[in-house]
Amino acid sequence: MEDTEPQVLDSIEAASCVWVQYFDGDKPYYYNTQTEVTQWEVPAEYASFHGIQTEVVQQEQPAVVDFNSTGGWAEYFDEEAGAPHYYNHITGVSQWEMPPEIRVLKELTAANEVEEKESEQVAVDEFGWEQEEQVDPEETVSQIRAWVAEEECLQHLDTYFEEHSYVIGFVPGTYDYEFFSECQSLDLEKCKEYPHFNRWLRHISAIKQE
């Protein structure tokens with residue numbers, strides 16, 4: 001709105017309705033004499049008092065719609081202005097400044113999101129998912145295959161499968177089946193002394209027999 005001297009449309013409105021209509025050039029806007037709020041949209045109270053038929057003030061889906069938590073306030077995004085604006089579905093007030101009710105709701109939502117991420121991180125730290133996701137599969141498989149030729153082969157494999165359910169990832173796959181075939185050259189009786197590696201062997205063996 002330009003900072004120009006407004007023209008009052010109806011000089012008796014202030015005595016009968018808290019909303020007064022002014023003009024900025026040829027464009028009407030509305031001023032609330034009680035709250036001192038100014039807006040472009042026709043307020044519901046003004047429209048009702050003057051018998052004006054108005055379209056729904058907001059057609060777009062609001063970003064915040066929990067009216068019970070915001071006292072009727074909803075956040076919308078004005079594409080033309082490139083900024084959010086706020087409309088109260090109870091009072092008909094529209095404004096650019098974020099209402100305290102919206103701010104509190106956003107802060108609570110952000111706090112809940114942080115708590116959820118922290119809970120997810122606990123699971124990542126506990127089960128080692130993050131470490132597995134960052135590993136290069138081909139590099140890991142090459143290392144596992146290299147262990148087969150080493151003297152401490154079974155110890156290496158047992159340590160690996162103590163921390164991993166499968167060769168790569170969280171479900172059995174091609175890498176497991178291929179490596180299982182390569183493991184047939186090992187002393188399978190000796191493998192039973194290594195519980196984690198033996199668990200993997202028995203599991204993959206059972207899957208292949210299905």
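**Labels and their grounds**

Guide: Glu36 takes a positive phi near 65° in the hairpin of β3 and β4, a hairpin with five residues between the strands. Keep in mind that this is a predicted model.

Visitor: What joins strand β2 to strand β3?

Guide: Six bridges join β2 (residues 19-24) to β3 (residues 27-32). With at least two needed, the two strands count as a pair, and they run antiparallel. Asp24 stands opposite Lys27 in β3. This hairpin has two residues between the strands, and Gly25 takes a positive phi near 70° there.

Visitor: Why are β5 and β7 said to stand at the edges?

Guide: The open sheet of three strands has the order β5-β6-β7, with antiparallel pairing. β5 (73-78) and β7 (94-95) each have a single partner strand, so one side of each is left without a neighbour in the sheet.

Visitor: What makes β6 and β7 partners?

Guide: Two bridges join strand β6 (residues 83-88) to β7. The definition asks for at least two, so β6 and β7 pair. They run antiparallel, with Tyr87 opposite Ser94 in β7.

Visitor: Why is Arg145 called partly exposed?

Guide: Buried means under 20% relative accessible area and exposed means over 50%. Arg145 is at 33% relative accessibility, so it falls in between and counts as partly exposed. Arg145 is found in helix α6, residues 137-147.

Visitor: Which residues does Arg145 touch, leaving out those up to four places away in sequence?

Guide: Glu178, Phe179 and Glu182. A contact means heavy atoms within 4.5 Å. For Glu182, the C-alpha to C-alpha distance from Arg145 is 8.3 Å, while the two are 37 residues apart in sequence.

Visitor: How many residues of the whole chain count as buried, as a percentage?

Guide: Of the 210 residues of the protein chain, 30% count as buried; the cut-off is under 20% relative accessible area. The chain exposes about 14,000 Å², and carbon and sulfur atoms supply 49% of that area.

Visitor: What does the secondary structure come to?

Guide: Ten helices and seven strands. As for contacts in the protein chain with a separation of 6 or more, residues 24 or more positions apart account for 40% of them.

Terms used
Residues are numbered from 1 along each chain as its sequence is written. This is a predicted model: local features need pLDDT of at least 70, side-chain atom pairs count only at pLDDT 80 or more; totals for chains, interfaces and linings use all residues. Side-chain values use heavy atoms; hydrogens and water are left out. Helices (H or I, at least four residues) and strands (E, at least two) are DSSP runs, numbered from the N terminus. Buried means under 20% relative accessible area, exposed over 50%, partly exposed in between (1.4 Å probe, protein chains only). Accessible areas come from the Shrake-Rupley method with a 1.4 Å probe; for residues, only the protein chains shown count as cover.
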